[in-house]
Amino acid sequence: IAKHTLEKREAGDGVEIVVNEPCEDKVHGKGQHTVKHVHLSSKLPTWVRPVIPKVIYMIEKAWNYYPYTVTEYSCSVIPRFSIHVETRYEDNKGTSENAVGVNSEVLQSREVIYLDISHDEISEKNYKKEEDCRTFRSEKTGRGPLVDKDWKDHVNPVMCSYKLVSVTCGIWGMQSYLENKVHEMVREILLLGHRQAFAWIDEWHGMTIEDVRKFEREAHLETNKKTLGQSKDGEDAPKKESAV
């Protein structure tokens, strides 16, 4: 996730890591809490940016108690809009009926969507040949490529990421439209992220939790440096002066 965040910043998306600290839950135990601001000013028309620079951003709050995580999204200028994502990782092929433990009402009303990191198509703008699971092979583990349509039935080990995505929109007249668009966007983001998790396996395989935390800290400092002009130690970088 840290590497993905840094990549998105280099693509001009303006991700700012505000909080990255340990946390603890009575049920799920120890974990990591993060808060990020995803600045959207670069997505606005050019003539609008000088009027509201860096004002519009998505707020991402996450609590990672692997194998269970909770992620919440809200918007700085739309108080009645939110996205809630519960995740549980399990060592199976997608056979759990209720992995995140929702009640019977949610269980009956939910729409189940299956994502295949190898054979589901991703948008052209996000496609990279080196991240194509149909051709990628790990040098460290020998895993891949995932060529066959039924790869999950004969590949071992296999892990499934179960996610319950809930969208709340209190804006009259726009509920259905925004909820549908958000679910489309979330599908693309999840497909991309999990493709990358497999294709980047040689970079993270064998890392300890200490290694992961160190990498996160370094990636987050680099991300904030690019977004906010901070130096690598987290302090504001000196501003350059120019003579005219």
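Start with the whole chain. Buried residues make up 34% of its 244 residues; buried means under 20% relative accessible area, exposed over 50%, and partly exposed in between, with a 1.4 Å probe and protein chains only. The model is predicted: local features need pLDDT of at least 70, side-chain atom pairs count only at pLDDT 80 or more, and totals for chains, interfaces and linings use all residues. Residues are numbered from 1 along each chain as its sequence is written, and side-chain values use heavy atoms, leaving out hydrogens and water.

**Stop 1: the fold.** Colour by secondary structure. The chain has five helices and six strands. Helices (H or I, at least four residues) and strands (E, at least two) are DSSP runs, numbered from the N terminus. Along the sequence the pattern reads α-β-β-β-β-β-α-β-α-α-α.

**Stop 2: the sheet.** Select the strands. The six form an open sheet, ordered E1-E2-E3-E4-E5-E6, with antiparallel pairing. Two strands pair if DSSP finds at least two bridges between them. At the edges sit E1 (15–25) and E6 (160–169), each pairing on one side only. The twist from one strand to the next averages 15°.

Now zoom in on E5 (residues 78–90). E5 runs antiparallel to E6, and 10 bridges join the two. Pick Thr87: opposite stands Lys163 in E6.

Stop 3: Axes are lines fitted to C-alpha atoms, for helices over the stretch in contact, and angles run from 0 to 180 degrees between N-to-C directions.

**Stop 4: an aromatic pair.** How many aromatic pairs does a search of the whole structure find? Two. Rings of Phe, Tyr and Trp (its six-membered ring) pair if their centres lie within 6.5 Å; planes under 30 degrees apart count as stacked, over 60 as edge-to-face, and the rest as tilted. Show Phe136 and Phe198. Their ring centres are 5.6 Å apart and their planes meet at 80°, so this pair is edge-to-face. Phe136 lies in the loop between helix H2 (104–109) and E6, and Phe198 in H3, so the pair ties together parts 62 residues apart in sequence. Both Phe136 and Phe198 are buried.

**Stop 5: Val147.** Stay in the loop between H2 and E6, where Val147 lies. Val147 is partly exposed, at 47% relative accessible area. Leaving aside neighbours within four places in sequence, Val147 is in contact with His119 and Arg134.

Note on methods: Contact = heavy atoms within 4.5 Å.
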